[in-house]
Amino acid sequence: MINIVPPVLIYFAGALLILLLRKRILIQAIALLVPVIAFVNLLNMPHGVYWTCQFLDYELILGRVDRLSMVFAYVFVIMSFIGMVYAIHIKEYGQHVAALLYVGSTLGVVFAGDLFTLFVFWEIMAIASVCLVWYRKTKASLDAGFRYVLVHLFGGCMLLAGIIIHVVTTGSIAFELFDFGTVASKFILFGFILNAAVPPLHAWLSDAYPAATITGAVFMTAFTTKSAVYVLLRSFPGVELLVWLGAIMSLYGVIYAVLENDIRRLLAYHIISQVGYMVCGVGLGSEMAINGSSAHAFCHILYKAVLFMGMGAVIHVTGREKMTELQGRDLYKKMPITLVLYMVGAFSISAVPLFNGFVSKTMIGAAAGLLNRPLIELMLHLASIGTFLHTGLKLPWGVWFGLKKGDEDEIEDVKEPPFNMLLAMGIAAFLCIFTGVYPKVLYDILPYPVHYHPYAASHVVGMIQLLLLTLAAFWIYIDKLGGEATVSLDTDWFYRMFGRGCLWFCNRLLNGIRSGVQSSLSSEVLSVGKISKNPYVFLEMVINSIQGKKVLYQNIINRPYNENSYRIQIGIGACAAIIFLFFLGIFYIKAG
Amino acid sequence: MVKKLKSILYISIAVVCILGFVFPNKHPHFWWQKIPVFDVVYGFIGCIVIVLVSKWLGHAWLMKKEDYYD
């Protein structure tokens, strides 16, 4: 019998050990061992509620283990291993520490049975993940990191407000299904959908992920949004609002991906699009939809990791992250393995049959069909087209092939990325194909029994039709779809401009008023100061003005203070005393 | 080369159209799922709509110079 511990403790202990150790090989071993130990630990965790402790009058639960939490826990732990293999070559061990804290706190969220525990890990997640952005150490990533963490802390405050209202009104801190409609549930939902990157609360994602370190971004793609999907599945299934938000979200990401030139930001918009499917599944709320959302989260984490790792590898070896700087450089000749592995991820996200997106994404569409939601089904179907168009066609075309425009600089000395990066991509790509070819392994761990057969002939043919004709349309617009050196306005515009407005208000307006008042009053304040040092000069000025003498005011005021100039000569004093004594003597004699 | 690829694409489109008739959807939820070549039409038109609408939105409003926020 293996003693099981909360997974979060394994990750936090690993992070602490890395801080204490000095030897590189030991640190690498710990970083890789932590996910392995956590996985073995997961395999031995029985369903139930355990690891409870008393805090004030409430019971905190660190281990609420059921089928839903286990699906997410499995993929999070697998992903942390893949991410660590990808990142093992880096020498800044702080990144490992941040990553382990990030993953650990996500697992804390997954197994949290009460709202306090949930909130604490929710906040650790935000703080740990922003370190992965800041480790890039550029001005852009510093700024993006600040925006990221401020938005998340704001979302955390909304969540906390909701939790407090919930606890006060119901007296319970249990993290269960919420009754949507109460004030508390609306605050909590706001906090959750902010982390799920639901527009218009999504801009932190497309802003910060491309600014993160190459290896850090791989971790970030997996945990924040998918843990938000988990908490939504747990607490808000069947909320109609989420159906529409999810469907709109899936198309929103697609539209922005058309315009994007930054290769990782394009993928980030596709995270938004894909999480849209999951959010929509949460809203649909049927057993099939919840299975679909969970399965899609599982598959999405794996293929998105491949895609981000592929683009990360391109940035690692070329130092470039804009499509306009990469297209037409024939990279496919120099890094073919990366291209092949990337394409596995691209086919998976596009739901090509035999890849894992096909077995999960279509389940959500089928659930929409079963619930008779025609418009939702068509919107999700349309988003599939956009997904293949960008991730499967436009991005690989622009990065590895593409047409050269003008005589741009060549990229010299490019070769495949380090072995560990390729290995990590290989593991993730293998899992994408494995779960695609043999979906039973995934379907068996889903929250509800699965009655869905993805490989019905008409499904497969329909999907191939859709994708082939997307390819045909891409061919027509191939010249238009190259990168354009622009940035796209998104909802971060509002808080960026609000920030600028605040700065303008404080710096220009308030500070302007202050400096205007200061400069107009400063000479007066100065002379009052000088007069107060030597008040005699004031008298002198008054006397001068009464006498009508024209003495320059500045000359008097700037005259250094000299105590002797105002001291009466001692002879006058002595004379006055003698005169006084003289009269006193006469008075004394007379009176005597 | 390009010509070869193009003909491969045309042939495969023709093949999947025929396959659409061979394997009709046995459990359609909506009327359009009964049409054997619906996904062919939807894929083509959908893709064009996505490209044109997004590019129009981008050029008319959303796309700015790279130093916009500096």
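Which elements of chain A cover the buried residues of α2(A)? In this predicted model, the cover includes α1 (7-20), α3 (67-87) and α4 (93-111) of chain A.

**Helix α2 of chain A**

Let's stay with this helix for a moment. Its buried residues are A:I27, A:Q28, A:I30, A:A31, A:V34, A:P35, A:A38, A:N41 and A:L42. One of them, A:P35, also marks a spot worth a look: shortly before this proline, at A:L33, α2(A) has a kink of about 30°. As for length, helix α2 covers residues 24-43 of chain A, and at 1.5 Å a residue its 20 residues should span 28 Å; the end C-alpha atoms lie 30 Å apart, so the two values agree.

**Where chain A meets chain B**

Now turn to the interface, where 54 residues of chain A are in contact with 46 residues of chain B.

| Feature of the chain A and chain B interface | Value |
|---|---|
| Area buried between the chains | about 4,300 Å² |
| Share of that area on carbon and sulfur atoms | 73% |
| Salt bridges | two |
| Residue pairs in polar contact (both at pLDDT 80 or more) | 13 |

A salt bridge joins B:E66 to A:K322, with 3.4 Å between the closest N and O atoms. On the side of chain A that touches chain B, the elements giving two or more residues are α10 (240-259), α16 (356-370), α17 (374-400), α20 (457-476), β3 (486-488) and α21 (492-533). Of these, α20(A) gives the most, with 16 residues.

How values were computed:
Residues are numbered from 1 along each chain as its sequence is written. Chains are lettered from A and ligands numbered from 1 in the order in which they are written. This is a predicted model: local features need pLDDT of at least 70, side-chain atom pairs count only at pLDDT 80 or more; totals for chains, interfaces and linings use all residues. Side-chain values use heavy atoms; hydrogens and water are left out. Helices (H or I, at least four residues) and strands (E, at least two) are DSSP runs, numbered from the N terminus. The expected span of a helix is 1.5 Å times one less than its number of residues. The bend at a residue is the angle between axes fitted to the seven residues ending there and the seven starting there. Buried means under 20% relative accessible area, exposed over 50%, partly exposed in between (1.4 Å probe, protein chains only). Contact means heavy atoms within 4.5 Å. Buried area is the accessible area (1.4 Å probe) that two parts lose on being put together, summed over both. A salt bridge is a side-chain nitrogen of Lys or Arg within 4 Å of a carboxyl oxygen of Asp or Glu. A polar contact is a pair of N or O atoms within 3.5 Å; within protein, one must be able to donate a hydrogen and the other to accept it, and residues adjacent in sequence count only if both atoms are side-chain atoms.
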